[in-house]
Amino acid sequence: MNPWSSSTEAAAGLCSRFREWRLLGPGLLWTTVFCLLPMVVVLAVSLATRGTYGGVLWEFSLENYRDLLHPLYGRIFGQSLLLAGMTTGICLALGFPLAYYIARLPPRRQALWLIFIMIPFWTNFLVRTYAWIFILRTEGLLNTVLMQLHLISTPLDLLYSNQAVLLGLVYGYLPFMVLPLYAAIERIDPALIEAAWDLYADRWSLFRRVLIPLTKPGIVAGCVLVFIPSLGAYLTPDLLGGARSMMVGNLIQHEYLVARDWPLGSALSIVLMFIVMSSLLWYFHAQSPQTRERGEQ
Amino acid sequence: MRGQGIWLRGISGLGMAFLYLPIIVLVVFSFNASRLSATWQGFSWHWYGVLWHDEALLAAAVNSLWVAVLSTSLVVLLGVPAAMGLERLRGRGRQALDTIFLLPLVLPEVMMGVALLLFFVMIQWPLSLATVVVGHAAFNLPVVIVMVRARLQKLDPRLEEAAHDLGASAWQTFYRVTWPLVRPAVLGAALLAFTISLDDFIVTFFVAGPGATTLPLKVYSMIKSGLSPEINALSSVLVLSSMGLVGLSLAFQRR
């Protein structure tokens with residue numbers, strides 16, 4: 001045996017490790033500087049004090065988090081959670097039959113339907129929200145059509161309400177629900193559904209005792225993918241909502257750019273991020289192999 | 001399937017109509033001759049002409065294209081090597097790095113926007129078009145990494161090993177073996193990053209300096225300052241261009 005061989009091998013190993021890091025380095029540095037570091041800054045600022053004329057005084061305090069307990073902020077957080085939760089529920093109710101239908105089509109048509117589900121998702125979000133303003137506003141398309149049909153005599157107030165925000169959110173994030181649900185339903189063995197029919201399951205028990213347990217990871221994935229962006233929504237409540245439909249995203253923007261209270265805005269961001277991370281943890285828990293096995297038993 | 005066909009087909013049709021009607025209505029009414037109402041007053045290309053002669057709008061479009069080109073080049077240059085590095089990495093480090101790289105994908109956009117704004121202010125980097133490029137490159141990096149890695153995972157590792165055994169250097173292996181195989185995925189990812197950058201409003205809204213108006217910022221201010229059919233025409237152009245780009249991206253990924 002060559003006494004050098006082991007050390008050359010070690011050196012080669014070190015070399016190849018070095019090469020991996022050389023490949024990874026620039027990207028890692030970029031993400032660290034322009035994503036991780038800004039997050040750390042937000043965390044730090046959330047623990048600082050507001051200067052008299054805006055800006056940040058570096059005096060440690062938990063005051064910003066205590067301020068969040070104010071009922072006004074509680075109301076906005078509660079409303080955001082409610083709107084995001086309702087969006088998730090409606091998307092699930094609408095998305096499940098849609099995904100089920102697609103998953104039972106012949107393969108070629110499945111691909112076509114899936115592309116059609118994805119196209120709106122890749123269309124400019126601002127433009128899609130604007131489309132609803134165009135339809136819902138007082139002189140908008142819907143009111144015009146209804147008045148011309150003499151179904152109403154005065155235009156309805158549809159825009160600038162919580163309902164309009166809800167509609168906009170469902171519209172924006174429905175594709176996020178359909179795609180993971182489709183992936184989960186498509187994997188179900190059709191024989192299992194046949195078996196349920198043969199055993200005289202009615203539609204409801206087929207749904208509750210066969211489909212739901214088998215597609216649980218997909219349901220959770222869809223719900224998380226819809227819930228997270230709905231909770232942090234900014235554009236939809238900003239454009240479709242009224243004075244009382246503010247959501248957390250708008251509140252954060254308001255604190256930063258209008259009230260110029262950066263520490264409070266940062267504290268709000270940290271709380272928002274905490275909720276997002278908790279729902280992600282739930283998602284990973286539901287996707288883990290152990291949980292899945294238990295679901296399939 | 002046992003009589004539930006009609007019910008299912010109905011709700012699926014409604015779902016699709018819900019997704020598409022607003023977009024179709026928007027495009028149709030961009031050809032409406034009327035200035036004010038949502039009643040149809042005849043076909044006209046008028047509003048597209050108005051767009052074409054709007055200097056501020058064209059300037060915003062040029063800004064948007066610059067930002068998209070620069071940020072996309074940046075994420076490809078950073079993301080492709082990072083994807084290769086991640087793919088080769090073994091052990092615990094890999095999972096931790098995965099989490100770090102994917103972070104921008106799961107952060108709420110508003111959060112990303114304010115975090116970058118705060119950061120730029122702290123390091124006293126004046127807000128401009130350059131900060132927009134950096135912001136877009138920050139949230140698009142994981143897009144490229146995810147898509148390129150998906151392709152790398154499908155590659156046969158024996159191809160690179162064979163190249164090594166035949167005496168190719170690391171660079172030769174990359175250039176002659178790996179690159180031709182991942183090129184379609186890289187092109188697809190680049191087009192997608194380009195589209196996302198072109199469409200982004202929220203992060204841009206927070207980190208754009210005065211005068212650094214991009215197309216979405218312009219659309220936003222037009223919507224806020226009162227509606228006109230010009231917005232419909234502009235929206236239609238944006239819808240069609242993103243559909244075209246995404247179609248192209250899908251075509252590249254299929255190869």
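1. Conventions. This is a predicted model, in which local features need pLDDT of at least 70, side-chain atom pairs count only at pLDDT 80 or more, and totals for chains, interfaces and linings use all residues. Residues are numbered from 1 along each chain as its sequence is written, chains are lettered from A and ligands numbered from 1 in the order in which they are written, and side-chain values use heavy atoms, with hydrogens and water left out.

2. Secondary structure. Chain A has 14 helices and 2 strands. Chain B has 11 helices and 0 strands, and its pattern along the sequence is α-α-α-α-α-α-α-α-α-α-α. Helices (H or I, at least four residues) and strands (E, at least two) are DSSP runs, numbered from the N terminus.

3. Overall dimensions. Chain B has a radius of gyration of 23 Å, well over the 18 Å that the globule rule gives for 255 residues, so chain B is more spread out than a compact globule. Along the principal axes, the C-alpha trace of chain A spans about 95 × 70 × 30 Å, while the C-alpha atoms of chain B fill a box of roughly 70 × 65 × 30 Å.

4. Burial and surface. Of the 297 residues in chain A, 51% are buried; for the 255 residues of chain B the figure is 54%. Buried means under 20% relative accessible area, exposed over 50%, and partly exposed in between (1.4 Å probe, protein chains only). The accessible surface is about 15,000 Å² for chain A, with 67% from carbon and sulfur atoms, and about 11,800 Å² for chain B, with 67% from carbon and sulfur atoms. These areas come from the Shrake-Rupley method with a 1.4 Å probe; for residues, only the protein chains shown count as cover.

5. Contacts along the sequence. In chain A, 66% of the contacts between residues at least 6 apart in sequence join residues at least 24 apart. In chain B, residues 24 or more positions apart account for 72% of the contacts with a separation of 6 or more. Contact means heavy atoms within 4.5 Å.

6. Charges. Chain A carries 20 positive and 17 negative side chains, and the centres of the two sets lie 3 Å apart. In chain B, the mean positions of the 17 positive and 12 negative charges are 8 Å apart. Lys and Arg count as positive and Asp and Glu as negative, with His and the chain ends not counted; each charge is placed at NZ of Lys, CZ of Arg, CG of Asp or CD of Glu.

7. T144(A). This residue lies in helix α6 (residues 141-148) of chain A. T144(A) counts as buried because its relative accessibility is 15%. Beyond four places in sequence, T144(A) touches E139(A), A38(B) and T39(B). A polar atom of the T144(A) side chain lies 2.5 Å from the backbone oxygen of G140(A).

8. F77(A) lies in helix α3 (residues 71-103) of chain A and is buried, with a relative accessible area of 12%. Leaving aside neighbours within four places in sequence, F77(A) is in contact with V248(A), L268(A), V271(A), L272(A) and I275(A). T236(A) is in helix α11 (residues 235-240) of chain A and counts as buried at 2% relative accessibility. With the same exclusion of neighbours within four places, the contacts of T236(A) include F125(A), T129(A) and V165(A).

9. Backbone points to check. H150(A) is not a glycine but has a positive phi of about 60 degrees; H150(A) is exposed at 71% relative accessibility. Q124(B), also not a glycine, has a positive phi of about 55 degrees. Q124(B) lies in the loop between α5 (109-122) and α6 (129-154) of chain B and is exposed, with a relative accessible area of 68%.

10. Helix α7 of chain B. D156(B) caps the N-terminal end of this helix (residues 157-165), with a side-chain oxygen 3.0 Å from the backbone nitrogen of R158(B). Just after α7(B), G167(B) takes a positive phi of about 90 degrees.

Conventions
Rg over C-alpha atoms; globule rule 2.2 N^0.38 Å. Polar contact = N/O pair within 3.5 Å; in protein donor to acceptor, adjacent residues only side chain to side chain.
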